[in-house]
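Hi,

Here is the structure I said I would hand over. Have a look at it first, then read my notes below.

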Amino acid sequence: MTQWYQLQQLDSKFLEQVHQLYDDSFPMEIRQYLAQWLENQDWEHAANNISFATVLFHDLLSQLDDQFSRFLIENNFLLQHNIRKSKRNLQDNFQEDPIHMAMIIYNCLKEERKILNSAQLSNQMEVGSIQNTVIGMLDKQKELDAKVKAVKNSVVDVEQDIKTLEDMQDEYDFKCKTLQNREHESNGVSQEEYKKEQMNLKKMFLSLDLKRKEVVNKIVQLLNTTEHTQSALINEELVEWKHRQQTACIGGPPNACLDQLQNWFTIVAESLQQVRQQLKKLEELEQKFTYDPDPITKNKQVLQDRTYSLFKQLIQSSFVVERQPCMPTHPQRPLVLKTGVQFTVKLRLLVKLQELNYNLKVKVLFDKYVAFFSSLCMFRKFNILGTNTKVMNMEESTNGSLAAEFRHLQLKEQKNAGSRTNEGPLIVTEELHSLSFETQLCQPGLVVDLETTSLPIVVISNVSQLPSGWASILWFNMLSTDPKNLSFFLNPPYAKWSKLSEVLSWQFSSVTKRGLNADQLSMLGEKLLGPTSGGSHDGLIPWTRFCKENINDKNFPFWLWIEGILELIKKHLLCLWNDGCIMGFISKEKERALLKDQSPGTFLLRFSESSREGAITFTWVEGSQNGKSPQFHSVEPYTKKELSAVTFPDIIRNYKVMAAENIPENPLRFLYPDIPKDNAFGKYYSRPKEAPEPMDLDGPKGNGYIKTELISVSEVHPSRLQSPENLLPMSPEEFDEVSRIVGPAEIDTVVCIT
């Protein structure tokens, strides 16, 4: 098991630490694609040896070329683009300094090991700690490996025993016929010699009978072992993988690769196929020679039926949805599909047998099971557009798995006579639908129907319904594991805050490099459970409170508020959020408690609680005057409208407060707790464009307008600010800044005191 795989099994708080290790200089996607190869190299040696570092650098580029070729075969344009970009960045950054790259990778791997160790030690006092989980996973994998290997070895042993049995039977048959022939010869055999031969034949028969019983018993034991192993694969490993897939769909840790599970399934399937052939061989031996009671005659039908039953169960369970339905336009919001928009879904058979390649034709069905719920008669109905059949093959997947990917499916609502009423029990974003996939395995003496079902999907007709649809997907996959439970929202269960808080954190960590910390989650918990709850882990939250009821005195529900903030972060605040500059979720009371003892001009950034579309503000503290309590000022929140015109770092840089008879000044000095403003935000400031020289003939032509710049200015009454002597006079630097902003023509007017 790779170190990278172990990391992906950790809790989100440790995964956040992993996210912090990787940036554009060495992106995480390379770590993902080349996990095994990277861990097998000696980066510590490379970090101290230029020749070895150069070799590894070029080997790494070759590995990326191989990965690109796989994406090329898969015709995945986006991943092709990303891998080419990653390779180009590596060449730009490390071509001349491969030792630097080796040091980065060595440090990343070392820090990963520290995170693993930290995870193992953090919960030693708890039952089922991360340490036990990781060790337990390794032990469990070794145990399953041993079981699967035992099945395979038993098949080989039985095969050898059947060959021995065949040789014994051939010898016995030869001796019998030889003795019969000699009886009819003219000279014949003596009575004494005949009895001796008869005794030898009787001994051979007894040995033959004993061997037949031994072979039959070994096959019985083999099937017992196979059944036990198969049960562990289907009822434990596959169930756990499906649960991890649900978690990954709603933003949790990435799901583990199916390759290991496929390897186990395939070995067991091959073993059962061999047992079927071995039983046929025993039947042939029985037809050549039988007796009463013949153990083969007595047991063959039971063994054949049991082998068929085990193989059927295995092959049916191995048919899975590897990648759940998803619109390529919204890769981080799977299971929400919009009518008229193409979506993709990928099927996989975990039993990888060469004879099945291009022999399984998969058909897609929509809402096969909705009809079973009479109470859901008001559900909308849809048709599937596009090619709804596909043949499974091993060529489409980079790892050679037996798969079928539907890339161009669409949904279209069936328009029934009359208009749809609102008498149904659910709104459209609470309607759960499903895609079913059917195929049939046909082999000589073997016909097996295969079927699997996607996780429930929500179908929307307008992109504005996407946030509510995603909320339904979150709630279902957080609380249910039955993909056929399409009536879930007729009576949705409550969610424990301990679970919901983790899922909320995933919504941030899945689209940024940071999830939510304990303080941020505590504020959100109080918002949902009430201020007296303290964000109790055992607090229960109803579905309506999360997504349907207006929160507190606002005119929008909790989830739409969170969704607006997520959009604001993704489009306008991503770097600041990733750097930890934004405290974000903090109550006004806690905000003042943090700022009151800080230096004047200390400020923090938080999200507005009154804006549905998402908004951010900052609050700063002024020093106390004449023994009075310090004053706090919050600016009117900035929405996507303002942030589309001016970046938030530039707003903070140029923000001014202006009162009558005072010069505008920027009150923001330190990002909480004590980080100088320019240190925190300087790298994100926009660089001023240089004005063209007078003789620059290639510069832009004058257009008769005076150049302007947008800045944020708050006008307040002087009584709300510090005393004027603390504001005046301006320093030379402040005067230069004002001159730069307002221009020389207006400077006299601005500084004039009346």
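**Helices around H17**

H15 passes H17 in a right-handed crossing (right-handed if the near helix is turned clockwise from the far one by less than a right angle, left-handed if anticlockwise). A quick word on what you're looking at: this is a predicted model, where local features need pLDDT of at least 70 and side-chain atom pairs count only at pLDDT 80 or more, while totals for chains, interfaces and linings use all residues. Residues are numbered from 1 along each chain as its sequence is written, and side-chain values use heavy atoms, with hydrogens and water left out. The helix and strand labels are DSSP runs numbered from the N terminus (helices are H or I with at least four residues, strands are E with at least two).

Back to that pair. The axes of H15 (residues 518-529) and H17 (residues 558-578) come within 13 Å and cross at roughly 160°, which makes H15 roughly antiparallel to H17. Here, angles over 145 degrees count as roughly antiparallel, under 35 as roughly parallel, 65 to 115 as roughly perpendicular and the rest as oblique. Axes are lines fitted to C-alpha atoms, for helices over the stretch in contact, and angles run from 0 to 180 degrees between N-to-C directions.

Who touches whom? On the H15 side the contact (heavy atoms within 4.5 Å) is made by Gln520, Met523, Leu524, Lys527 and Leu528, and on the H17 side by Phe558, Trp561, Ile562 and Trp577. By class, that comes to 7 nonpolar, 1 polar and 1 charged residues. For the classes, Ala, Val, Leu, Ile, Met, Phe, Trp, Tyr, Cys and Pro are nonpolar, Asp, Glu, Lys and Arg are charged, and the others, Gly among them, are polar.

H17 also meets H14 (residues 497-509): their axes come within 10 Å and cross at roughly 35°, again in a right-handed crossing. Leu504, Gln507 and Phe508 of H14 make the contact with a set of H17 residues that includes Trp559, Ile565, Leu566 and Ile569.

S3 and S7 (residues 402-413) pair over 6 bridges, and Val345 has Phe406 in S7 as its bridge partner. S5 is joined to S7 by 4 bridges, with Asn383 partnered by Lys412.

The other open sheet has 5 strands, ordered S15-S14-S13-S17-S18, with mixed pairing. Its edges are S15 (631-634) and S18 (675-676). S17 (residues 670-671) pairs with S18 in the antiparallel sense over 2 bridges, and Phe670 stands opposite Pro676. H17 turns up again here, packing on the sheet and touching S13 (602-607) and S14 (616-622).

**One residue to look up**

Where is Glu355? You'll find Glu355 in the loop between S3 (343-349) and S4 (361-366). At 41% relative accessibility, Glu355 counts as partly exposed (buried is under 20% relative accessible area, exposed over 50%, partly exposed in between, with a 1.4 Å probe and protein chains only). Beyond its neighbours within four places in sequence, Glu355 is in contact with Gln273 and Gln443.

Cheers

How values were computed: Two strands pair if DSSP finds at least two bridges between them.
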